[in-house]
Structure formats: C-alpha cells, structure tokens
Amino acid sequence: MTMKDQHSQAGRLRVHTGAEPPDEAESGQTGARSAELRSALDGIRNIRNLTNLGSDPGARPAEWEQRRLLRTVSLLLEAEGLPPSAVDRAGELARTGYRTSEGDQAGQVQVRWVGPRGSGARYQEQEQLQRCQAVLRSWGFETVEVRGPGGRRYLEVGAGLG
C-alpha cells in the first residue's frame, strides 16, 4: 500500500481525530503528509475566497466547512502542528494529543487533550487547549472552554453565524 493509499479515502485526505492507531497517526510526521496538509489548507482558503461574501471572505468558515466541521477542525489542528492522540488495538490511549469528536449539539465539535495513564495529559490540558483554541479562532471558528466531569476541560467549537 502506498503512502497516498494510506492517507486517502476515496481520493480525499484522511484526517486524524485522535482515535486512530499509533502507526496511522504517526505517519503525520512525514514530508508527504505535511505537503498534503498544506495543500488542504490552501484548498480551504480558496473555498472561502470563492464562496464567502464580504470584505474578508477568508476570515470565517465557509458553508462547505460547516457541513464537514469535524473533518475541518481535525485537519486545522494537525496542519498547525498539534499532534493527534492515538489508541491501541484495545482502544486504550497510546499517545498524548488532541481528540476531536462530534459535539452534543448539531454543528458543534468537541476538542479534548488526552493521553495514556501517567502521561501528564491532564496537566498539559489547559495550555494545549489554549493552543487549539488559538488555532481555531485564527481560522474564524468560535470556541468555548468547558469543564466536564471530573473538572476535565474541553473545547466546544462551532462555525458561528458566518
């Protein structure tokens, strides 16, 4: 299987949500993966410039992104250098990083900072979620930090009213 086959899904870039096995998520460290991510970011910018109206069309998510919010948020975090988490075959956390999932409400994604037991992820959580928040806000997404069960923090991300 070629690198392209490993990271494409019907011709599309495969995004990392943090729920992938370590081998797949670690492949994001390659030059080919970096080039794919840069190309995807350019695509997002182009879509915004072609579809958003107003004086600064690149400042807010396009409708296309809003329909693919989990994919877009995951892509932006990885492309901006934040590592995705990973899980082993048993479904246990195998690496510290972001974990994205569908939110409790439609049009919302949750971002958590997670890691294996003893990894210190809980102590990194506030700082790393602030990094995630800065990336997503720079792309025009609305983010709110929430405290969940056990006082663990996570972000709720939405595309706003565009």
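## The second largest pocket

Helix α6, which covers residues 121-138, gives the most to the lining of the second largest pocket, with 3 residues. This is a predicted model, in which local features need pLDDT of at least 70 and side-chain atom pairs count only at pLDDT 80 or more, while totals for chains, interfaces and linings use all residues. Residues are numbered from 1 along each chain as its sequence is written, and side-chain values use heavy atoms, with hydrogens and water left out.

The volume of the second largest pocket is about 250 Å³. Its lining has 14 residues, and L93, G115, P116, R117 and G118 are the ones that lie nearest the centre. By type, the lining divides into 5 nonpolar, 5 polar and 4 charged residues. Here Ala, Val, Leu, Ile, Met, Phe, Trp, Tyr, Cys and Pro count as nonpolar, Asp, Glu, Lys and Arg as charged, and the others, Gly among them, as polar. A pocket is an open set of points on a 1 Å grid over the protein atoms alone, where a 1.4 Å probe fits, with protein on both sides within 12 Å along at least five of seven lines; lining residues have an atom within 4 Å of a point. The volume is the space filled by probe spheres set on the points, which are joined across faces, edges and corners.

## The chain as a whole

The chain holds 6 helices and 8 strands. Helices (H or I, at least four residues) and strands (E, at least two) are DSSP runs, numbered from the N terminus. Along the sequence their order is α-β-β-α-α-α-α-β-β-β-β-α-β-β.

Of the 162 residues in the chain, 41% count as buried. Buried means under 20% relative accessible area, exposed means over 50%, and partly exposed lies in between (1.4 Å probe, protein chains only). Among contacts between residues at least 6 apart in sequence, 50% join residues at least 24 apart. A contact means heavy atoms within 4.5 Å.

Helix α5 spans residues 69-79 and is mostly covered, with 8 of its 11 residues buried. The buried residues of α5 are L69, T72, V73, S74, L75, L76, L77 and E78. Just after α5 comes G81, with a positive phi of about 95°.

S39 belongs to helix α3, residues 31-51. S39 counts as partly exposed because its relative accessible area is 49%. S39 and A79 are 40 residues apart along the chain, and their C-alpha atoms are separated by 9.9 Å. In helix α6 we find Q128, which counts as buried because its relative accessibility is 12%. Leaving out residues up to four places away in sequence, Q128 touches L82 and W113.

E20 sits in the loop between β2 (12-13) and α2 (22-26). Its relative accessibility is 9%, so E20 counts as buried. Not counting residues up to four places away in sequence, E20 touches V15, A86 and V87. The C-alpha atoms of E20 and R99 are separated by 9.8 Å, although the two residues are 79 apart along the chain.

E92 is in another loop, between β3 (86-87) and β4 (93-95).

R112 lies over the face of Y154, at 4.2 Å from the ring centre. A charge sits over a ring if NZ of Lys or CZ of Arg is within 6 Å of the ring centre and within 35 degrees of the ring normal.

G160 is placed in the segment after β8 (153-158). Its relative accessibility of 29% is why G160 counts as partly exposed. G160 and Q66 are 94 residues apart in sequence, but 9.0 Å apart in space from C-alpha to C-alpha.
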